Amino acid sequence: MSEAQKAESVNEFIISGRLPGLNEYTRACRSHWSKGSKMKRRVEEDIGWHILAARGAHKLHPVHGPVAVSIEWHEKDRRRDFDNIVSAKKLILDAMQKMGIIPNDNREYITAISDEIVDDDKDFVVVRLYDVKE
């Protein structure tokens, strides 16, 4: 993502806590046919509440054109692998679509996704959307 794109963004939200990784989701799916579905629905609902809070604080608004997405994964320990952590971006994108922040999570609207893992005191995720000029 270019510095110009980063400078344009004020469209962001923060998800408090740790999102489940791919290992946790896979374990839920394999334990019972409905557990994976319930986990996905519950996590997306939780992300939805964070989206609503950011909209109410005027930090997040719906976008209508293509965007680049930047996700900072703040982790309080180093136990999980990079690929396990960032797999939760699927849940974030699906929740943004359900909440009307993005029209769709296909490549027409999501042109790039960047991930950065930050060692921190607590677990949280910062999601930023950058308008892409066509």
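Q: Which residue in β4 is the bridge partner of N11?
A: In this predicted model, N11 has its bridge partner at L129 of β4.

Q: What makes β1 and β4 a pair of strands?
A: Two strands pair if at least two bridges are found between them. β1 and β4 have 6 bridges, in the antiparallel sense. That meets the cut-off, so the two strands count as paired. I14 also stands opposite a β4 residue, V126.

Q: How do you know that β2 and β4 pair, and in which sense?
A: The same test of at least two bridges applies. β2 and β4 share 8 bridges, and the sense is antiparallel.

Q: Why is β4 called largely enclosed?
A: Buried means under 20% relative accessible area. In β4, 6 of the 8 residues are buried, so the rest of the structure largely encloses this strand.

Q: Why is D94 called buried?
A: D94 has 10% relative accessibility. The cut-off for buried is under 20%. The value falls below it, so D94 counts as buried. D94 is found in helix α5, residues 89-98.

Q: What is D94 in contact with, beyond its neighbours within four places in sequence?
A: It is in contact with K40, E44 and D105.

Q: Which residues of α5 are buried, and what covers them?
A: The buried residues in α5 include L91, I92, L93, D94, A95 and M96. Their cover includes β1, α3, β2, β3 and β4.

Q: What makes Q97 neither buried nor exposed?
A: Q97 has a relative accessible area of 30%. Buried needs under 20% and exposed needs over 50%. The value lies in between, so Q97 is partly exposed. Q97 lies in helix α5. With neighbours within four places left aside, its contacts are I102, P103, N104 and D105.

Q: How far apart are Q97 and H32 in sequence and in space?
A: They are 65 residues apart in sequence. In space the separation is 27 Å, C-alpha to C-alpha.

Q: Which residue with a positive phi follows α5?
A: G100 follows α5, and its phi is near 80 degrees.

Q: Why is H58 called exposed?
A: Exposed means over 50% relative accessible area. H58 reaches 72%, so it counts as exposed. H58 is found in the loop between α3 (35-56) and β2. Its phi is positive, about 60 degrees, although H58 is not a glycine.

Q: How do you know that G65 is partly exposed?
A: G65 has 27% relative accessibility. G65 lies in the loop between α3 and β2.

Q: How far apart are G65 and V132 in sequence and in space?
A: G65 and V132 are 67 residues apart in sequence. Their C-alpha atoms are 7.5 Å apart in space.

Q: Which residues line the largest cavity?
A: The lining is G17, R18, L19, W73, H74, E75, R80, F124 and V125. β2 (67-75) and β4 (124-131) each supply at least two of the lining residues. β2 gives the most, with 3 residues.

Q: How does the lining of the largest cavity divide into nonpolar, polar and charged residues?
A: It divides into 4 nonpolar, 2 polar and 3 charged residues. Gly counts as polar here, and G17 is one of the lining residues.

Conventions:
Residues are numbered from 1 along each chain as its sequence is written. This is a predicted model: local features need pLDDT of at least 70, side-chain atom pairs count only at pLDDT 80 or more; totals for chains, interfaces and linings use all residues. Side-chain values use heavy atoms; hydrogens and water are left out. On a 1 Å grid over the protein atoms alone, a cavity is a set of points where a 1.4 Å probe fits but cannot get out, and a pocket is an open set with protein on both sides within 12 Å along at least five of seven lines; lining residues have an atom within 4 Å of a point. Helices (H or I, at least four residues) and strands (E, at least two) are DSSP runs, numbered from the N terminus. Buried means under 20% relative accessible area, exposed over 50%, partly exposed in between (1.4 Å probe, protein chains only). Contact means heavy atoms within 4.5 Å.
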